[in-house]
Amino acid sequence: MTDIAELRTERLVLRPWRTSDRALFAALNADPVVMEHFIAPLNRAESDALADRIEADLAAHGWGLWAAEVPGRFEFIGFIGLAVPGFEAPFTPCVEVGWRLCQSAWGHGYAPEGAAEALRFAFDELELDEVVSFTSVGNAKSRRVMEKVGMTRDPNDDFDHPRVAPGHRITRHVLYRIQKDR
Ligand SMILES: CC(C)(COP(=O)(O)OP(=O)(O)OC[C@H]1O[C@@H](n2cnc3c(N)ncnc32)[C@H](O)[C@@H]1OP(=O)(O)O)[C@@H](O)C(=O)NCCC(=O)NCCS
C-alpha cells in the first residue's frame, strides 16, 4: 500500500475515492450518452467492480484514475487520471491518461484541466518520457480533450482494440501521444 497522491488545479481536486462516490459513478456509467463510445452502459455491479479495480490500482501505485471533485459545487463528477492498459498493442506497455465525467459536468473544460495536471504529475513526479491516450475513432469529444492538452495523433498508430470484437462500431481506435519535453 502506498499513500495516494492528491492533485489540485484551479477548479478541481483529484483525490482518492469515497464510498459515497459509487452511487454517482453508477449513475454516469448507466447513462447511454456518457457510454456512447463504449460497448454498453454498465449496471450497478459492473460499475462497482470497475470502481474496485480503480481503487486497487490507486492503492497499489499511489496514482491512477482519481475521483474528480469541484470543491463547493460537485463532490464527484467522474474520474480523471492515469492508468496502465491491461492489453497488448504495438504501443504497450505504456501509461495512458483518461477521463469519464457525468453529463452535467461537460463543457466546462474540467477534463482538459484535470488531464493537464495528471500529465504534469506523470512527467514531473513519475518521470515518464511519454503518456498516451486512445479512444474509438468517432469519440470527437474525447479526441478534443486530447488535442486541448497538447497530444498529437499519427494515423499510422491507429489500431483495432484487441478487447472489442472485429467489425464492432467502436473497434477502430486512434492513439494520441505526448512526450515529456512538450
Ligand atoms: C470527453 C469528456 C470527458 C469531455 O470532458 P469536458 O470536461 O466536457 O471537456 P471540454 O469542456 O473541454 O469539452 C471537450 C469537447 O467536448 C464537446 N462537448 C463539451 N460539452 C458538450 C456537451 N454538453 N454536449 C456535446 N458536446 C460537448 C465539445 O466538442 C468540446 O470541445 P470544445 O471545447 O472545443 O467545444 C466527456 O465528454 C465525457 O466524459 N465523455 C464520455 C466518456 C468518454 O468518452 N471518455 C473517454 C473515453 S477514451
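Predicted model: local features only at pLDDT ≥ 70, side-chain atom pairs only at ≥ 80, totals over all residues.
A pair of aromatic rings is described by the distance of the centres and the angle of the planes. Eleven aromatic pairs are counted in the model. Among them, Trp-17 and Phe-25 form an edge-to-face pair, with 4.9 Å from centre to centre and 80° between the planes. The pair formed by Phe-87 and Phe-91 is also edge-to-face, because the planes stand at 85° with the ring centres 6.2 Å apart. Phe-87 is buried at 9% relative accessibility, and Phe-91 is buried with a relative accessible area of 9%.

Helix α2 comprises residues 44-61 and spans 26 Å from its first C-alpha to its last, close to the expected 26 Å. At its start, a side-chain oxygen of Asn-43 comes within 3.1 Å of the backbone nitrogen of Ala-45. Gly-62, just after the helix, has a positive phi of about 90°. The buried residues of α2 include Leu-50, Ile-54 and Leu-58, and the elements covering the buried residues of this helix include α1, β3, β4 and β5.

Strand β5 is largely enclosed by the rest of the structure, because six of its six residues are buried. Glu-96, Gly-98 and Arg-100 lie on one side, and Val-97, Trp-99 and Leu-101 on the other. Strands β4 and β5 run antiparallel and are joined by six bridges, with Gly-78 opposite Leu-101 of β5. Arg-100 lies over the face of Phe-38, 4.4 Å from the ring centre.

Key. Residues numbered from 1 in each chain as written. Heavy atoms only, no water. Helix = DSSP H or I, 4+ residues; strand = E, 2+ residues; numbered from the N terminus. Expected span 1.5 Å × (residues − 1). Buried < 20%, exposed > 50% of the residue type's maximum accessible area, 1.4 Å probe, protein only. Contact = heavy atoms within 4.5 Å. Polar contact = N/O pair within 3.5 Å; in protein donor to acceptor, adjacent residues only side chain to side chain. Pairing = 2+ DSSP bridges. Phe/Tyr/Trp six-rings, centres within 6.5 Å; stacked < 30°, edge-to-face > 60°. Lys NZ or Arg CZ within 6 Å of the ring centre and 35° of its normal.
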